[in-house]
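Please read the following report alongside the sequence and the 3D view.

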Amino acid sequence: MQCPKCHAAMHTYNRNGVQIEQCSGCRGIFLDYGELEALTRLESQWVQQAPPAPAPPAYPAQAAPAAPAWGAPHQGGHHGGHHGGHYRQRGFGRMLFSS
Amino acid sequence: MLADRDDGTVVRHGALVAKAHAPGTDPEEHRARLALAAHRDVDGVFLPPLPLPGSGSDALDGRPVTLWPYGPPVDPEDPDDAPWEEAARLLALLHRTPPPPGGAGRLPDMRAPAKAALAVDRMRRTAPDHPATGTVLDAWRTVPEAPAPYRLLCHGDFHLGQLVRATRPPAGPEAGAPVDAPTAWRLIDIDDLGLGDPAWDLARPAAWFAAGILPPEIWSRFLGAYQEAGGPAVEADPWGRLDVPARALTVQTAALALAKSTVERRPLDEVEEVMIDTCARIAGHRTG
């Protein structure tokens, strides 16, 4: 499939049972009919399942470091579980040590 | 052989490391950079070069050659153990050192902004048809052409591969110290050092953090140690000074990923994809 905006190839990914197409060029995302609704449904399920807010920590949590406007989403957020998820990958290992 | 790349060939023989610098290295600029690394004002920051034996030429096929003591590098398998704080303190110390008089006039610009531009040129040459090239170029257009007007000592190409442990000089038989015991961390690689805006030396870790691949704790440790050591590259709001260089380093990393993966006929790995995604966000925030 070709991206309607920049005409580069689009690749299909499956995220939690929802098929999305992402453009390898402009990184835009294409959703099929019904997929937006599927995403909305998944989101509301997730919100319902979310545990009650945790008790305030005994020590003040360290403030998340500031990030630029173009930084990765969720930066410094409370759901930053994926943040740094690439840290242990070989690709990043190479990047850390090369020009 | 430790490395053989476009930018130099490095060979080790026991306790010695010899580097043949890149063809086309400007001999005058090279001598000024080497003199700085040997200067006592940056003793404790840079690994000092060793004198070349004999009185022969210091060039091989027109390429300058330098000689260094071997020092163990950071273990690439264990980035958690990397000396992030020590690296930050060394950079702060370098940035705070006034350019030595006399040599300062001859010391060239540090090459970090030029290297970003070269990476984009290389991508344009080798990966003009890659679908993500346009995205990287869009991000590159947000980076101002003129670098900020600072004239401080900078490394010019800082990453974790630019740190080694200095070893004590071999002790005489009467000295009880173990021979070649590693001591403190030092910076290596003089090819890009010079005068400029020190924020570029923090830009790689800043870009990795902004892309979401360097954990915030590690970025905080690195930046905190730099600020604590009185480093002049950032002010109270660190991103005021880091924003442009971090964007440039994101573009540089993405451009080299496209150039290399195209030549090697391989797909981008997941981390390289993240850098392209970050370029797309930079391009999207161009007015912001």
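## A hairpin in chain A

In this predicted model, strand 2 (residues 18–23) and strand 3 (residues 29–31) of chain A pair in the antiparallel sense over 3 bridges. Strands here are DSSP runs of E of at least two residues, helices are DSSP runs of H or I of at least four, and both are numbered from the N terminus. Two strands pair if DSSP finds at least two bridges between them. Ile20(A) stands opposite Leu31(A) in strand 3 of chain A. The two strands form a hairpin with 5 residues between them, and Arg27(A) in the turn has a positive phi of about 70°.

## Numbering and confidence

Residues are numbered from 1 along each chain as its sequence is written, while chains are lettered from A and ligands numbered from 1 in the order in which they are written. As this is a predicted model, local features need pLDDT of at least 70 and side-chain atom pairs count only at pLDDT 80 or more, whereas totals for chains, interfaces and linings use all residues.

The model scores ipTM 0.80 and pTM 0.80. For chain B, pLDDT (the predictor's confidence in each residue, from 0 to 100) averages 89, and 91% of the residues score at least 70. Over residues 171–179 of chain B, pLDDT stays under 50, and the model has 4 contacts for this stretch beyond four places in sequence. Two residues are in contact if their C-beta atoms, placed from the backbone, lie within 7 Å.

## Overall form of chain B

Chain B has 8 helices and 9 strands. Its radius of gyration is 20 Å, close to the 19 Å that the globule rule gives for 288 residues, so chain B is as compact as a globular protein of that length. The radius is taken over C-alpha atoms, and the rule is 2.2 Å times the number of residues to the power 0.38. Along the principal axes, the C-alpha atoms of chain B fill a box of roughly 65 × 45 × 40 Å.

Of the 288 residues of chain B, 43% count as buried. A residue is buried if 20 or more other C-beta atoms lie within 10 Å of its own, exposed if 12 or fewer, and partly exposed in between, with C-beta atoms placed from the backbone. Among contacts in chain B between residues at least 6 apart in sequence, 75% join residues at least 24 apart.

## The sheet of chain B

In chain B, 5 strands form an open sheet in the order 1-2-3-5-4, with antiparallel pairing. Strand 1 (3–5) and strand 4 (59–60) stand at the edges with a single partner strand each, so one side of each is left without a neighbour in the sheet.

Strand 1 and strand 2 of chain B pair over 3 bridges, and Arg5(B) has Gly8(B) as its bridge partner in strand 2. Strand 2 (residues 8–13) is joined to strand 3 (residues 16–21) by 6 bridges. On the strand 3 side, Gly8(B) has His21(B) as its bridge partner, and Val11(B) stands opposite Ala18(B). The hairpin of strands 2 and 3 has 2 residues between the strands, and Gly14(B) takes a positive phi near 60° there.

## Core and buried helix

The largest nonpolar core has 88 residues. Such a core is a set of buried Ala, Val, Leu, Ile, Met, Phe, Trp, Tyr and Cys residues joined through C-beta atoms within 7 Å. Helix 7 of chain B supplies the largest share of this core, 12 residues. Val136(B), Ala203(B) and Val251(B) are among the residues with the most contacts inside the core.

Ala203(B) is also one of the buried residues of helix 5 of chain B. Beyond four places in sequence, the contacts of Ala203(B) are Leu242(B), Pro245(B), Ala246(B), Ala248(B) and Leu249(B). Just after helix 5, Gly212(B) takes a positive phi of about 90°.

## The side of chain B that touches chain A

In the model, 38 residues of chain B are in contact with 31 residues of chain A. Helix 8 of chain B gives the most to this side of chain B, with 9 residues.
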